[in-house]
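Student: Could we go through this model together, beginning with the ligand and then turning to the parts of the protein around and beyond it?

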Amino acid sequence: MVVEKVREILEKTGRLSTPVADLQNDSDLYNAGLTSLATVGLMLALEDEFDIEIPDNLLGRKTFASIQSILDVVAQLKK
Amino acid sequence: MEQHNQAGISSAKFEELLASVHKIGEEVLRPNAKDVDEKARFPQEGMDAIKSLKLMGAYIPTELGGLGLNITQLARVCEALGQYCGSTAMIFAMHQIQVACAVNHGLSNEHFKNYLTKVASDSRLLASATTEMGIGGDLRQSICAVEQNGDSFTLTKNAPVISYGKQADDLFVTARRNSDSPANDQVHVVVSKEDYELEPSMAWDTMGFRGTCSEGFLVKSKGHMKQIIPAPFADILSQSMHPTSHILWGSLWLGIATDAVNMARAFVRDMMKKNPNAPQTAALRLAEVHSVLQLMRENVHGCAEHYQKLLSENNVEALDTFSFSIKINNLKISSSSLIIDIVSKSLLICGIAGYRNDTKYSLSRHLRDAYGASLMVNNDRIMNHNATLLHMHRGD
Ligand SMILES: Cc1cc2nc3c(=O)[nH]c(=O)nc-3n(C[C@H](O)[C@H](O)[C@H](O)COP(=O)(O)OP(=O)(O)OC[C@H]3O[C@@H](n4cnc5c(N)ncnc54)[C@H](O)[C@@H]3O)c2cc1C
């Protein structure tokens, strides 16, 4: 399941102050402690895992705002 | 974000307005600039002249009683003011940054529509309290929080720098959404002087921008919950405050740099008149600094036009990308560095006449103001952001 993989990557790279297991898919990741530097690691791991390249027009704060927004972008690029 | 009509006013009308701005610059701002700087006093006569042109509502749509300028026209006004008095231009720019936040994120909201109408009709002066004691220049974190009590709230913030805090009519304050919110879950709150007290905590005796009177205060405020701008501050910052600040600041710094080069040009002309056989050295330096000024100008104008285009398309996706943030950060870094470079080069041309405080070629104020540019949001902080964001940028 993509969502489990995304949660696993987030746990490894996100350096969040809240455990990923406690987050809903629509919880705000920035409020959970996601920094811009951690976003870099998250982005690289997502691209690696799903074999995608997130284009500039999707590389913004909103893409990494929640587990759901990440899932949406992954789904869009996997098509 | 609301669709902000970027049609602006006709170029004929705008040129007329710009001529009036230059007129008050020559007649009011320039004659007082030295006194404002020496005494670190609020440029009251300059701000009154600006109000007489209805410029406090320059960026407010005409339907609400404003002048309806677009962002490039507003930037040109800041650039013009910067040529006469850096502090007055800075006060004007900072006011307009707050206006832009309210216009872009409050226009569909009845309370903010009425508020902006009042700002335009009464020429209210808006100040900003983002910087907080204990946090420094990181705009995306707050310690203070909105304390809600039914429909109303109280908010106390320890703000080490609030430009023209004493003279302002309203304060735009960043704070955590409530006392349980993490540091980066922020809102932008507008409080009016009838509803706040300012306890002075720090004086403003600085190297430059002395007339901005950017003293420190403990702000104790209250208000109605509707005075909180509906959008999260994160959106207000990335879509409005960040681009508008660096475009308007860059524009007034460009104005200061332009005035320095104009003085250098006048100096060289004077020198040639006195001694037509003088060596070309100063003229060569003038040619050099003039090319740097053009670089700065094209960069500032180009970024303003780019932002205007995105606003007119209501292209929120593009405004939210890292690549747009990188571009705006680059504008800040380059314009705040170029202003120092340009004023220093102009000083070399004017020589001791520029170094003196009592000649018409004195560049002391320009140079001292120039050094503030890289500190208002520290360039190293911005450079660090770009170092991170560039990992997430595919290239141009
Ligand atoms: C003319 C003028 C007017 C101003 N008006 C206002 C106003 O009206 N309202 C307002 O709120 N503020 C205002 N400010 C404040 C300004 O916007 C900055 O917030 C403030 O100058 C930053 O203060 P600082 O240098 O102590 O903090 P910092 O930005 O924290 O910088 C201090 C030092 O720490 C380093 N540093 C610390 N943390 C980091 C980091 N994470 N990354 C990189 N470097 C870091 C910096 O490089 C620097 O060396 C004004 C400033 C000026 C010069």
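Student: How far is an oxygen atom of the ligand from an N or O atom in the side chain of Arg381(B)?

Tutor: Please keep in mind that this is a predicted model, so every distance here is computed from predicted coordinates. Arg381(B) is among the closest of the 20 residues that surround the ligand, together with Ser128(B), Thr130(B), Thr131(B) and Ser163(B). Between an oxygen atom of the ligand and an N or O atom in the side chain of Arg381(B), the distance is 2.7 Å.

Student: Which residues touch the most other members of the largest nonpolar core?

Tutor: This core holds 122 residues, and the element that gives the most to it is helix H6 (residues 233-274) of chain B, with 18 residues. Apart from it lies another core of 32 residues, including Val20(A) and Leu58(A). In the largest core, the residues that touch the most other members are Leu252(B), Trp253(B) and Ile339(B).

Student: Leaving aside neighbours within four places in sequence, which residues is Ile339(B) in contact with?

Tutor: Ile339(B) is one of the residues that touch the most other members of the largest core. With neighbours within four places in sequence left aside, the contacts of Ile339(B) are Trp253(B), Ile256(B), Ala257(B), Met296(B), Ala370(B) and Ala373(B).

Student: Is Trp253(B) buried or exposed?

Tutor: Trp253(B) forms a tilted aromatic pair with Trp249(B), with 6.2 Å centre to centre and 35° between the planes, and both residues lie in helix H6 of chain B, four residues apart, about one turn of the helix. An α-helix has 3.6 residues a turn, so residues three or four places apart point the same way. Trp249(B) has 8% relative accessibility and therefore counts as buried. At 0% relative accessibility, Trp253(B) likewise counts as buried.

Student: Why is the pair of Tyr115(B) and Phe172(B) described as tilted?

Tutor: The pair links distant parts of the chain, since Tyr115(B) belongs to helix H5 (residues 110-122) of chain B and Phe172(B) to strand S4 (residues 170-176) of chain B, 57 residues apart. Tyr115(B) counts as buried at 7% relative accessibility, as does Phe172(B) at 0%. The ring centres are 6.4 Å apart, and because the planes meet at 50°, the pair is tilted.

Student: Which residue's backbone oxygen does the side chain of Asn184(B) reach?

Tutor: Asn184(B) lies in the loop between S4 and strand S5 (186-192) of chain B, and because its relative accessible area is 18%, below the 20% limit, Asn184(B) is buried. Not counting residues up to four places away in sequence, Asn184(B) touches Tyr30(A), Asn31(A) and Arg140(B). The backbone oxygen reached by this side chain, at 2.7 Å, is that of Tyr30(A).

Methods: Residues are numbered from 1 along each chain as its sequence is written. Chains are lettered from A and ligands numbered from 1 in the order in which they are written. This is a predicted model: local features need pLDDT of at least 70, side-chain atom pairs count only at pLDDT 80 or more; totals for chains, interfaces and linings use all residues. Side-chain values use heavy atoms; hydrogens and water are left out. A nonpolar core is a set of buried Ala, Val, Leu, Ile, Met, Phe, Trp, Tyr and Cys residues joined through side-chain atoms within 4.5 Å. Buried means under 20% relative accessible area, exposed over 50%, partly exposed in between (1.4 Å probe, protein chains only). Helices (H or I, at least four residues) and strands (E, at least two) are DSSP runs, numbered from the N terminus. Contact means heavy atoms within 4.5 Å. Rings of Phe, Tyr and Trp (its six-membered ring) pair if their centres lie within 6.5 Å; planes under 30 degrees apart count as stacked, over 60 as edge-to-face and the rest as tilted. A residue is near a molecule or strand if one of its heavy atoms lies within 4 Å of it. A polar contact is a pair of N or O atoms within 3.5 Å; within protein, one must be able to donate a hydrogen and the other to accept it, and residues adjacent in sequence count only if both atoms are side-chain atoms.
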